[in-house]
Amino acid sequence: MTISSRNSAPFQCEAGIRNEGRRNSTLICGSTTAETVEEMVFEMVKAKELGADLVEARLDLLKDFHLTQHLPFLIKNRPLPILISYRPIWEGGKYEGDETKRQEALRLAIDLECEFVEVELKVAHEFYNGIGWKKAESVKMVVSSHNLKNTPSVEEIGNLAATIQASGADIVKITTTALDITDSARLLQVLLHSQVPMIGIAVGEKGILSRVLCAKFGAFLTFGSIEDGAVSAPGQPTIEDLLDLYNFRHIGVDTKVHGVIGNPISHSKSPHLYNAAFKSMGFDGVYLPFLVDNVSDFLSTYSSLDFVGYSYTIPHKVDGLRCCDEVDPIAKAIGAISCMIRRPSNGKLIGYNMDYLGAIAAIEERLQDSNGRSMSGSPLYGKLFVVIGAGGAGKALAFGGKQKGARIVVANRTYSKAQELANRVGGKAITLSELENFHPEQGMILANATSVGMEPYIHESLVPKEALKHYSLVFDAIYTPKLTRLLREAREVGAAIVYGTEMFINQAFVQFERFTRLPAPKQLMRDVLARNT
């Protein structure tokens with residue numbers, strides 16, 4: 001499936017919501033999760049302070065809700081236009097009471113002339129009959145459907161949107177469940193061709209594209225949580241992240257889409273780094289975390305020329321290479337990529353590996369500092385360089401070390417993979433269990449290229465502390481946390497250490513320049529990384 005952004009003028013909101021200084025008209029709606037009306041008003045005020053355009057009052061989340069007392073209070077004290085929703089349990093909400101009383105609350109919201117009222121498609125006809133098909137023109141009806149199981153086909157979503165529109169909706173709302181990152185594409189495609197205001201959200205971590213890129217495809221609004229962790233639906237970003245991390249107001253029809261492809265991916269600091277750099281250089285791009293199960297499916301689904309560049313992380317660096325139309329010779333020798341660029345002239349995917357550049361440069365620099373003197377050649381030359389891991393990052397380190405004249409030893413859980421890589425770099429293979437007693441010489445270099453020790457498993461390490469005393473320098477490709485157990489224990493036994501952030505930032509400079517054809521704002525990128533690690 002190929003999707004491209006909306007070319008027609010975006011829908012203009014009629015609720016008096018400010019629209020200046022934006023590249024899109026998609027609104028940000030703060031979602032309340034409060035359990036009392038007083039707390040809900042407080043959350044509404046905070047949503048306004050954070051920059052939301054309107055706020056959703058989830059009545060079904062309130063404890064001890066008294067209709068005639070609390071609803072007028074909420075509407076009277078709203079600091080922003082308000083969307084009243086009272087979601088029943090059969091539509092994914094919390095309300096389990098009498099349906100007549102629920103609809104009575106929605107009718108009162110209309111009588112009190114709040115800006116938006118949501119009613120579910122299943123009961124829309126009944127509800128409209130109850131109000132005599134009459135309401136103030138200023139009140140807009142959002143008719144919704146929530147699929148709690150999956151995301152249907154484009155045809156099914158399109159037919160559903162038409163049914164909702166025909167029900168009398170001012171605004172169509174379709175929420176689905178993202179089982180795969182490609183699910184968002186079907187919603188975005190329907191959004192693109194919708195002739196009426198529409199909200200299309202795929203919930204879950206794999207639905208992030210629908211929540212952020214909806215601004216590119218003409219959605220009426222997206223939802224943002226007011227407090228970090230207090231989400232009204234899975235995968236919901238905060239208002240602050242929408243505005244400050246993803247630069248949501250500046251996403252337009254021509255915005256170029258980038259992202260980091262991995263699994264897991266929530267730990268990644270790449271979106272912080274690249275989005276800040278894009279903004280500082282005035283580059284019209286956005287960078288997202290892509291939780292991908294199948295690289296080939298992802299790339300074939302998002303094949304538009306607007307999806308222009310990707311970083312690759314664990315475990316997809318090798319799969320990414322297999323999906324390239326062309327591969328840089330160094331990446332081909334390594335057998336893995338860390339960066340992919342879509343050529344604008346023909347859409348072909350070109351693979352590169354910047355990991356070895358970032359990691360080896362950081363290790364060499366630290367060795368130079370430790371030696372306290374300049375060297376004419378690489379300080380890695382002749383060193384015994386032990387690489388843990390035979391995946392994409394391990395291959396990059398092994399080939400990078402070989403290029404600098406180091407003697408390579410590869411340790412891996414699967415010995416055959418260690419042996420295969422060692423043979424390619426003229427080195428030696430060992431198993432992970434051998435690391436504890438492997439010390440043929442002092443002053444060795446150790447590099448961890450596995451995910452062992454990464455959040456949330458921060459107490460794990462593949463090398464016993466006692467064994468680390470045989471190394472003069474230890475590098476860990478992990479950067480969350482910055483100080484892994486491996487690095488902490490290496491430092492305690494006197495070894496020099498190199499953080500994964502150094503590899504990360506060095507290769508990020510190169511990737512940024514390939515993405516944008518602009519010089520990387522290096523100090524800004526270092527500052528952003530320091531604030532987020």
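This text walks through the fold of one protein chain, from its overall dimensions to single residues.

The model is predicted, so local features need pLDDT of at least 70 and side-chain atom pairs count only at pLDDT 80 or more, while totals for chains, interfaces and linings use all residues. Residues are numbered from 1 along each chain as its sequence is written, and side-chain values use heavy atoms, with hydrogens and water left out.

Start with the whole chain. It holds 18 helices and 20 strands. Here helices (H or I, at least four residues) and strands (E, at least two) are DSSP runs, numbered from the N terminus. The radius of gyration is 27 Å, close to the 24 Å that the globule rule gives for 533 residues, so the chain is as compact as a globular protein of that length. That radius is taken over C-alpha atoms, and the rule is 2.2 Å times the number of residues to the power 0.38. Along its principal axes the C-alpha trace spans about 85 × 50 × 40 Å.

Of the 533 residues, 57% count as buried. Buried means under 20% relative accessible area, exposed over 50%, and partly exposed in between (1.4 Å probe, protein chains only). Contact means heavy atoms within 4.5 Å. Among contacts between residues at least 6 apart in sequence, 69% join residues at least 24 apart.

Now the sheets. Strands of a sheet pair through backbone hydrogen bonds, either parallel or antiparallel. Two strands count as paired if DSSP finds at least two bridges between them. Six strands form an open sheet in the order β10-β9-β11-β13-β14-β12, with mixed pairing. Its edge strands are β10 (285–291) and β12 (326–327), each pairing on one side only. Within this sheet, β9 (residues 256–262) and β11 (residues 307–312) pair in the parallel sense over five bridges. Glycine 259 stands opposite tyrosine 310 in β11.

Strand β13 (residues 339–342) of the sheet contains isoleucine 341. This isoleucine is buried, with a relative accessible area of 15%. Not counting residues up to four places away in sequence, isoleucine 341 touches Val308, Lys348, Leu349, Ile350, Tyr352, Arg514 and Phe515. Phenylalanine 283 is 58 residues from isoleucine 341 along the chain, and their C-alpha atoms are separated by 16 Å.

Turn to another strand, β4 (residues 116–120). Five of its five residues are buried. Both faces are covered: Phe116, Glu118 and Glu120 lie on one side, Val117 and Val119 on the other. Strand β3 (residues 82–85) runs parallel to β4, joined to it by two bridges. Isoleucine 84 stands opposite valine 117 in β4.

Threonine 501 is found in helix α17 (residues 500–516). It is buried, with a relative accessible area of 5%. Leaving aside neighbours within four places in sequence, threonine 501 is in contact with Tyr479, Lys482, Leu529 and Thr533. Serine 376 sits in the loop between α13 (355–371) and β15 (384–388). At 88% relative accessibility, serine 376 counts as exposed. Glycine 389 is 13 residues from serine 376 in sequence, yet the two lie 30 Å apart in space, C-alpha to C-alpha.
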